[in-house]
Amino acid sequence: MGAKQRVYRQRIRSTQSLKKIFRAMELIAASRIGKARERVGAASPYAKAITGAIEAVAMHANVEHPLTIERTDTKRVALLVVTADRGMAGAYTANALRSSERLREQLMEQGKEVVQYVAGRRGISYFHFRNRPLAGRWTGGSDSPSLETAQEIARALLAAFLAPADQGGVAELHIVYTRYHSMVDQESRVIRALPLEVVEGELGVGERVPPLYDFEPSPEEVLDALLPRYIEARVYSHLLQSAASELAARQRAMNTATTNAEDMIRNYIRLANAARQTEITQEISEIVSGADALAASS
């Protein structure tokens with residue numbers, strides 16, 4: 001029975017070590033989530049302002065721009081999915097990938113060819129395991145994205161959209177990311193970013209684009225300047241939303257893991273005590289039996 005006690009003691013020690021890791025990861029995520037939420041809030045005014053400017057041009061200027069018209073010369077579409085660099089974040093990455101796979105199936109049913117882009121090591125590993133080629137990949141800082149990374153992603157996606165069909169150009173750009181609502185509510189979302197599709201709900205209640213505009217030097221040049229910045233703002237906003245969602249999911253997952261580890265430790269302690277009691281009972285029985293045998297032989 002001593003062997004059982006050693007096994008249970010070893011399991012208790014290993015589970016206690018895991019519990020410390022889970023607890024530390026929970027505290028780290030909790031310390032970062034506040035800053036992530038602040039960054040989401042800080043980026044919102046710029047996103048709203050540039051969205052309003054784009055709406056103004058679209059409403060008051062009768063112009064056609066490569067980023068606002070449907071392409072019919074190719075069936076290729078770009079799909080960017082934002083995932084985590086590390087695991088232990090519950091179903092955060094799985095939900096984003098599930099939404100990406102559903103969208104991929106829908107696009108392929110429409111006869112379109114999907115060109116895959118991925119942000120985050122977990123997503124890259126997922127597609128590598130399935131031997132799917134990636135047109136672009138970005139790693140590092142999924143829980144704290146930088147503006148430089150967003151600009152790099154936006155430039156790559158814009159280049160693909162503006163490229164001629166015979167050079168790999170795409171007709172559409174779709175983005176899968178996770179929107180942060182609260183610490184317990186994060187939603188995997190799919191949007192079509194190009195051709196330009198203003199996201200509903202960016203303007204607050206009561207906000208309206210002013211009715212008249214004069215454009216200098218021309219609406220076309222205004223769009224040339226604004227639309228790339230709009231895509232950068234959208235990508236950066238999605239990265240920030242996903243980062244906040246990842247941290248919230250990780251904090252919640254690590255809290256659950258810590259609670260489960262505590263339950264396992266209590267269970268192993270109970271089993272170890274039961275094994276020790278059984279061992280003591282057996283030793284007493286052996287002593288009594290030995291004493292009875294000596295008494296009978298004398």
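Hello everyone, and a word on the ground rules. Residues are numbered from 1 along each chain as its sequence is written, and side-chain values use heavy atoms, with hydrogens and water left out. Because the model is predicted, local features need pLDDT of at least 70 and side-chain atom pairs count only at pLDDT 80 or more, while totals for chains, interfaces and linings use all residues. Helices (H or I, at least four residues) and strands (E, at least two) are DSSP runs, numbered from the N terminus.

Let's start with strand 1, residues 76–82. Is it buried or exposed? 7 of its 7 residues are buried, where buried means under 20% relative accessible area, exposed over 50%, and partly exposed in between, with a 1.4 Å probe and protein chains only. One side carries Arg76, Ala78, Leu80 and Val82, the other Val77, Leu79 and Val81. Strand 1 runs parallel to strand 2, residues 113–119, with 7 bridges joining them; strands pair if DSSP finds at least two bridges between them. Across from Arg76 you will find Glu113 of strand 2.

Now to helix 4 (residues 147–162) and helix 5 (residues 219–297). Their axes are 8 Å apart, at an angle of about 125°. Axes are lines fitted to C-alpha atoms, for helices over the stretch in contact, and angles run from 0 to 180 degrees between N-to-C directions. The two helices are therefore oblique to each other: under 35 degrees counts as roughly parallel, over 145 as roughly antiparallel, 65 to 115 as roughly perpendicular, and the rest as oblique. Residues in contact (heavy atoms within 4.5 Å) include Leu147 and Ile153 of helix 4 and Val235 and Tyr236 of helix 5.

Helix 2 (residues 92–109) and helix 3 (residues 121–129) also meet, their axes coming within 10 Å and crossing at roughly 50°. That makes helix 2 oblique to helix 3. Among the residues touching here are Leu97 of helix 2 and Phe127 of helix 3.

Finally, the backbone. Most residues other than glycine have a negative phi, and most peptide bonds are trans. Met88, in the loop between strand 1 and helix 2, has a positive phi near 55°, and at 44% relative accessibility Met88 counts as partly exposed. Asn131 also has phi near 55°, and Asn131 is exposed, at 70%. Which bond is cis? The one joining Leu194 and Pro195, with omega about -10°. Pro195 sits in the loop between strand 5 and helix 5.
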